[in-house]
Amino acid sequence: MRNEAELRATIAKMVEPGKGVLAADESIPTITKRFKALNIESTEETRRAYRTLLFTTRGAEEYLSGIILFEETLTQKADDGTPLPELLIRHGVMPGIKVDKGTVPLPAAPGDLITQGLDGLGERLLQYKAQGARFAKWREVYGVTDVNPTPLGVAANAEVLARYASICQDAGIVPIVEPEVLIDGDHTIERCYEVSDAVLHAVFDALHRHRVMLEGMVLKPSMVLPGKDRPPKASPQKVAEATLQILRRNVPAAVPSINFLSGGQSPDEASANLNAMNVMYPHAPWVLSFSYARALQDPAMRAWAGRKENVALAQAAFYRRLKMNSLARSGKWSEAMERAA
Ligand code: 5MM
């Protein structure tokens, strides 16, 4: 099997106890949106300064096995001139890379999207690997309505995820496979369950057809939640029950790790829900961990606010979220710890 030893070596590091993955791979429009909400200007320099702040947080390596980067970050340098990927490697944190090129409407499936970027992916991966990347990430996005995603949307998105994963494994790069069922809308948790079930079933069918080595990939799914415009929020117990049921029904035990996205949950909520899953299923066949962007970064970005004098405060906020999620990844988080922190 292709590059099996290399893939297994990367996975072994990704699943180290107590650790998860930071998603710091926001594309320029996305990070600009996040900055703008806090009145922070988005320039190459502010993005570099912000990401350097995250990557130089002391002790972060206790809780992080890898960080997903955006292409721009691969070529940026820390204040002392060290390339950012090299800085991570020195701290024992593996650099990864977002390789998708965003979404466009899927023709003949009104309301559905499809992700672009497969052309030339093999060559890009070799370049990223030379720059230090050991794993990659690709996101397919599924909006939820009464009719979306359509059966065509589910099938087409699964096919693209599997093609991406297969190309990555050929290059000796571990693929993070990210099918995100969006939280946007007023759908029920039952509707989210139904969509997530169809999506995961199609994704694993496609991965099988494309002969993706399941032991050499990571799944990054959304949790099963009601739409954000459908109060009240579901309890961690309910989210964990629904999410675990769907994972047990669709994800083979050969997959080593499931690293959730936070998808618009608050930082506390994302920790509580991850913790509930680990409490409920302590001997799950897969690691149940995190690959959050907003739920790890929001408090830090807010504390930083684009100002040098706030760096230490922002790093403390970031470290705290890492610690809380490391505890949640082992079912050892509690609300009391959250309040104390
Ligand atoms: C769903 O987004 C991913 C996880 O982030 P959250 O934990 O905040 O939900 C994230 O990795 C995302 O894929 C990147 O930020 C890239 O997003 P864009 O919109 O730039 O493709």
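Start with Pro232, which lies in the loop between strand 8 (218–219) and helix 9 (236–250). This is a predicted model. Display the backbone from Pro231 to Pro232. The peptide bond joining Pro231 and Pro232 is cis. Its omega is about -5°.

Next, select Asn148 and Pro149. Here too the peptide bond is cis, running from Asn148 to Pro149. Read off omega: it is near -5°.

Now leave omega and turn to phi. Select Ala108. To place Ala108, show strand 4 (103–105) and strand 5 (113–115): the residue is in the loop that links the two. Is Ala108 buried or exposed? Ala108 is exposed, because its relative accessible area is 73% and the cut-off for exposed is over 50%.

Last stop: Ala305. Again, this is a non-glycine residue with a positive phi, about 55°. Where is Ala305 found? Look between helix 11 (294–304) and helix 12 (311–328); Ala305 is in the loop there. Keep the surface on. The relative accessible area of Ala305 is 30%, so Ala305 counts as partly exposed. That class lies between the buried limit, under 20%, and the exposed limit, over 50%.

- Pro231 and Pro232, cis bond
- Asn148 and Pro149, cis bond
- Ala305, positive phi

Note on methods. Residues numbered from 1 in each chain as written. Predicted model: local features only at pLDDT ≥ 70, side-chain atom pairs only at ≥ 80, totals over all residues. Heavy atoms only, no water. Helix = DSSP H or I, 4+ residues; strand = E, 2+ residues; numbered from the N terminus. Buried < 20%, exposed > 50% of the residue type's maximum accessible area, 1.4 Å probe, protein only.
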